[in-house]
Amino acid sequence: SSPTIANNTITGNSARLGGGLYLDSSSPTIANNIVAFNSSGIYRYDSSGTPTLGHNCVYGNTAYNYFGITNPTGTNGNISADPRLADLGYGNTHVQPNSPCVNAGNNAYAHGDYDMDREPRIQPLGGTVDMGADESDGTVWPAGPYGILRVSPVGDDGHDGSSWTLAKRTVQAGIDAAAALGGDVWVQAGTYGERITL
């Protein structure tokens with residue numbers, strides 16, 4: 001296959017090989033992405049495909065950033081620097097205005113008109129697309145306090161919702177706890193037979 005993988009933030013993933021991206025007999029174009037803080041970065045399984053990498057930030061992946069592929073850092077706009085994401089601990093993957101990923105992408109791969117917040121994909125501040133799913137509009141994102149309350153069909157409302165193991169059982173319990181803390185309610189796939197009050 002020869003997909004174009006562009007304008008993504010790939011972070012917080014874990015796998016035995018290629019926690020960020022796993023390439024097998026493919027020739028993808030990988031552009032304007034942030035691949036950071038995964039168990040591993042970009043893994044190329046075999047040499048039958050020829051990936052093209054440009055204007056990516058691959059950084060801080062635990063086992064390796066690249067495997068089976070020549071490290072392209074320093075060429076074709078590829079960097080390896082802390083992307084300065086707002087707060088990974090709370091799932092906030094917005095880039096800070098001082099991120100090296102701001103105005104560091106390639107406009108030719110700025111697919112779509114909007115970023116993850118439905119803001120213009122290219123901001124007038126620099127005229128060049130940012131790396132990743134977020135297009136910085138100059139907002140300085142605060143780090144916490146910010147909560148993620150998890151709800152699961154096998155949870156218990158007596159739990160605090162801080163992890164999937166400690167997930168609450170009902171959406172309403174998640175909403176009530178999030179209202180006290182501020183933050184998001186993440187709901188695992190399932191059936192929830194309840195009426196909720198926002």
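Which backbone nitrogen lies 2.9 Å from a polar atom of the side chain of N33? The backbone nitrogen of N8 does. The views below come from a predicted model, in which local features need pLDDT of at least 70, side-chain atom pairs count only at pLDDT 80 or more, and totals for chains, interfaces and linings use all residues. Residues are numbered from 1 along each chain as its sequence is written, and side-chain values use heavy atoms, with hydrogens and water left out.

View 1. Strands are DSSP runs of E with at least two residues, and helices are runs of H or I with at least four, numbered from the N terminus. N33 counts as buried because its relative accessibility is 0%, the limit being under 20% relative accessible area (1.4 Å probe, protein chains only). Beyond its neighbours within four places in sequence, the contacts of N33 include I5, N8, H55 and M131; contact means heavy atoms within 4.5 Å.

**View 2. The open sheet of three strands, in the order β2-β5-β8.** The pairing is parallel. β2 (9-11) and β8 (57-59) are the edge strands, each pairing on one side only. Two strands pair if DSSP finds at least two bridges between them; three bridges join β5 to β8. A36 has Y59 in β8 as its bridge partner.

View 3. G183, with a positive phi near 135°, follows α1.

Methods
Buried means under 20% relative accessible area, exposed over 50%, partly exposed in between (1.4 Å probe, protein chains only). A polar contact is a pair of N or O atoms within 3.5 Å; within protein, one must be able to donate a hydrogen and the other to accept it, and residues adjacent in sequence count only if both atoms are side-chain atoms.
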